[in-house]
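Here is a short briefing for a first look. Please keep the sequence and the model in view as you read.

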Amino acid sequence: MKCHYGEIMEFFYNNSSQKKDEWDSTQLILVQVVGSLFCCFILVSNAMVIAAVITNKRFHYPFYYLLANLAASDFLAGIAYVYLMFNTGPVSRLLTVKGYFIRQGLLDTSLSASLANLLVIALERYISVMNWKVHSNLTKRRVTLLIVLVWAISIFMGAVPSLGWHCICNLEDCSQLAPIFSRSYLIFWSVSNLIVFLVMVCIYMRIYMYVKKKTSVLNPHTSGSINRKRTPIKLIKTVMTVLGAFVICWTPGLVVLLLDGLHCEKCQVMLFKRWLLLLAVLNSVMNPCIYSYKDEEMWTTFKNLLRCIGNGTRRQRSSRANARPLSSAQDTGNSQPPSDETKSDEQGILKT
């Protein structure tokens, strides 16, 4: 069995019968410019979510720590998309095997981190709602361990193909969408993610049924307590919106990967490649918008952060202006006489 580690990606693209991407220079520049704008928004907005959770003490609870970790996975996705955009089209055929593993590994790690975070958040919401509390009783130590576990699993999942589950030594098992990934790996990847999707949907259906039953049992005399308990329901709505966007944006791609893994020759999976990537990018764009739209406190914190950045910039400019040395003309002819307040201050100092 011969291995082909020394070949560039064009060898594997040709092996998988992928046609050469017909990208002209204008189209490639347009994709890179528009994609860069989207990625800048992803990076800045998710960095603001993380900063909001750190700076606002009202967000110092397990749910928001996990939400910040979800934003960190979207931030990584933004980095992965930037790397992908500048290594796509004709450039992708010139990549080395290692370069391709890095490109796909970043994408797979960010997807795994987002999925794992959503699953952990679903479990946290389940615990809190079943106890009819706004926030769960998870300690900071347990939340930290969960975050570390999420990233350990995600990095491992992203590195699995480079650790040996590939087709570099077995070209007949190569897929079309990912020319050095084996079809068996694509089946495992897509099926495992779709199962996690199903588990999360079941969890939230259970939460929804419990909340509906709980509110129907409460009599009209407890309307005040219901109002006080609207916050956990609001947080559930936020997470369900994020989960819904994630499922809508990623399910088509996972289904196409599954079809490619099953070696469906009539499915023409290559036709959907670019559109599915666009859906994935849009998901990372949507999440910060959902946080700010669904959570008024988050939106207020965003505005405060922007004001602080604006005030800090103005102060920096004014301090630079004050630090400039005066010219000789200003020292002699343009000097202003001391004001009355300054004179009175000086007299007060002399009296003391």
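Where does UniProt place the feature "transmembrane region"? The unreviewed entry puts it at residues 29–54, 66–86, 106–123, 143–165, 185–205, 235–255 and 275–293. UniProt positions follow the numbering used here, feature names are shortened, and annotations may be inferred rather than shown by experiment. This is a predicted model: local features need pLDDT of at least 70, side-chain atom pairs count only at pLDDT 80 or more, and totals for chains, interfaces and linings use all residues. Residues are numbered from 1 along each chain as its sequence is written, and side-chain values use heavy atoms, with hydrogens and water left out.

- Residues 106–123 are 100% helix and 0% strand, and their end C-alpha atoms lie 26 Å apart.
- Residues 235–255 are also 100% helix and 0% strand. Their end C-alpha atoms lie 30 Å apart.
- Helices (H or I, at least four residues) and strands (E, at least two) are DSSP runs, numbered from the N terminus.

**Arg-125**
- Arg-125 sits in helix α4, residues 97–130.
- Arg-125 counts as buried because its relative accessibility is 0%; buried means under 20% relative accessible area with a 1.4 Å probe, protein chains only.
- Its side chain makes a polar contact with the side chain of Glu-124, at 2.8 Å. Such a contact is a pair of N or O atoms within 3.5 Å, one able to donate a hydrogen and the other to accept it; residues adjacent in sequence count only if both atoms are side-chain atoms.

**The cavity**
- The structure holds one cavity of 30 Å³ or more. On a 1 Å grid over the protein atoms alone, a cavity is a set of points where a 1.4 Å probe fits but cannot get out; lining residues have an atom within 4 Å of a point.
- The largest cavity has about 40 Å³ of space.
- Its lining includes Asp-74, Tyr-81, Ser-110, Trp-250 and Asn-283.
- α3 (62–85), α4, α8 (230–261) and α9 (273–294) each give two or more residues to this lining.
- By class, the lining of the largest cavity has five nonpolar, four polar and one charged residues.

**The second largest pocket**
- The second largest pocket has a volume of about 320 Å³. A pocket is an open set with protein on both sides within 12 Å along at least five of seven lines.
- Of its 18 lining residues, the closest to the centre are Leu-115, Ala-116, Leu-119, Val-120 and Ile-153.
- α4 gives the most to this lining, with eight residues.

Notes: Buried < 20%, exposed > 50% of the residue type's maximum accessible area, 1.4 Å probe, protein only. Points joined across faces, edges and corners; volume = space filled by probe spheres on them. Nonpolar A, V, L, I, M, F, W, Y, C, P; charged D, E, K, R; others polar.
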